[in-house]
Amino acid sequence: MPVTTPELFGDPDQWPDQDLVAISEAFGPHLVLAALREGVFPMPIDDDEVPAELRDAMGWWSPLMRANLPLDRVRVSSSLRKSARHYTTTVDRDFEAVIDRCADPSRPLGWIDDRIARAYLFLHDRGHAHSVETWDSEGRLVGGLYGVSLGGLFSGESMFHDPEHGRDASKTALIRLAVELASTDPRILDVQWLTDHLTSLGAVEQSREDYLEGLDEALAAPPVSWTPPSAPRWEGRQVLAAFDSRPCAATPDQPAGQGPEPGSGAVTEVVR
């Protein structure tokens, strides 16, 4: 008789009809991995309506409407292409700096606290969490993103750009991420909640039920073949060429949310 692993968060059919599905005092990197496998992610609670004794607890979220960025619909505008050519990108070259910049308390709606940073640094050290860095011509880190990779799932956690030196730098990191993720199928680039910024890049929403339905298949996919940190920096033109040559690539300047034409040979699949 097969042995089934009990679900940490219980039956999704019994989850509350809201984005926040659980609160816990316990938190750590192993809980993060277990939660992501069940379609749940952590984020500290910052809500005056929550009782004071719970505000230091960790919130566990599974949005009723989940945002994801289909890799065949990533939109790279002409202006973004021009900006991207001025940067270089790397993978896992400076994960700690990326998470520090994403956690900058001066950023609006900052949510990354010390607990989150420590947990994801632990996951990075063990090969689960990855970063993409964007550098300018002066060698400054001007943009980047990070998230957790499990099979064909990449759970995008946060991205940043330097407002003075890094116009479109986070978007350039996203282009590089799309290239990295093209090595496995099926894949989900989970960005959790839809924003205007993500919509402009091609992100869409799906119901919680639909997201969970496709999650197991994505988790069972082969792991991503990440470029090693020691690899040379990719020039912007190299990133764009690799992006355009992916099997699931859409045509340049294709409107967000509009995939390749049926029969085109492109693969159609389904960061915060």
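Reader: Is helix 5 mostly covered or mostly uncovered, and how many of its residues are buried?

Author: This is a predicted model, in which local features need pLDDT of at least 70 and side-chain atom pairs count only at pLDDT 80 or more, while totals for chains, interfaces and linings use all residues. Residues are numbered from 1 along each chain as its sequence is written, and side-chain values use heavy atoms, with hydrogens and water left out. Helices (H or I, at least four residues) and strands (E, at least two) are DSSP runs numbered from the N terminus, and buried means under 20% relative accessible area, exposed over 50%, and partly exposed in between, with a 1.4 Å probe and protein chains only. The buried residues of helix 5 include Ala169, Thr172, Arg176 and Leu181, and helix 5 is mostly covered, the number of buried residues among its 13 being twelve.

Reader: How far apart are the end C-alpha atoms of helix 5, and why does that agree with its 13 residues?

Author: The expected span of a helix is 1.5 Å times one less than its number of residues. Helix 5 covers residues 169–181, so its 13 residues should span 18 Å, and this agrees with the distance between its end C-alpha atoms, which is 19 Å.

Reader: Which residue has a side chain that makes a polar contact with the side chain of Thr89?

Author: Thr89 lies in strand 5, residues 88–91, and is buried, with a relative accessible area of 1%. Leaving aside neighbours within four places in sequence, its contacts (heavy atoms within 4.5 Å) include Glu133, Trp135, Thr172, Arg176 and Trp234. A polar contact is a pair of N or O atoms within 3.5 Å; within protein, one must be able to donate a hydrogen and the other to accept it, and residues adjacent in sequence count only if both atoms are side-chain atoms. The side chain that makes such a contact with that of Thr89, at 2.8 Å, belongs to Arg176.

Reader: What is the value of phi at Asp168?

Author: Asp168 lies in the loop between strand 8 (153–161) and helix 5, and it is buried, with a relative accessible area of 13%. Most residues other than glycine have a negative phi. Asp168, a residue other than glycine, has a positive phi, near 65°.

Reader: And what is the value of phi at Gln192?

Author: Gln192 is found in strand 9, residues 188–192, and is buried, with a relative accessible area of 0%. Its phi is again positive in a residue other than glycine, with a value near 70°.

Reader: Which residue is joined to Arg81 by a polar contact between side chains?

Author: Arg81 is found in helix 2, residues 78–84, and is buried, with a relative accessible area of 11%. The polar contact has a length of 2.8 Å, and the residue whose side chain it joins to that of Arg81 is Asp244.

Reader: How far apart in space are Cys102 and Gly143, C-alpha to C-alpha?

Author: Cys102 is found in helix 3, residues 95–102, and is buried, with a relative accessible area of 4%. Not counting residues up to four places away in sequence, Cys102 touches Arg107, Ile112, Tyr146, Ser158, Met159 and Phe160. Cys102 and Gly143 are 41 residues apart in sequence, and their C-alpha to C-alpha distance in space is 9.3 Å.
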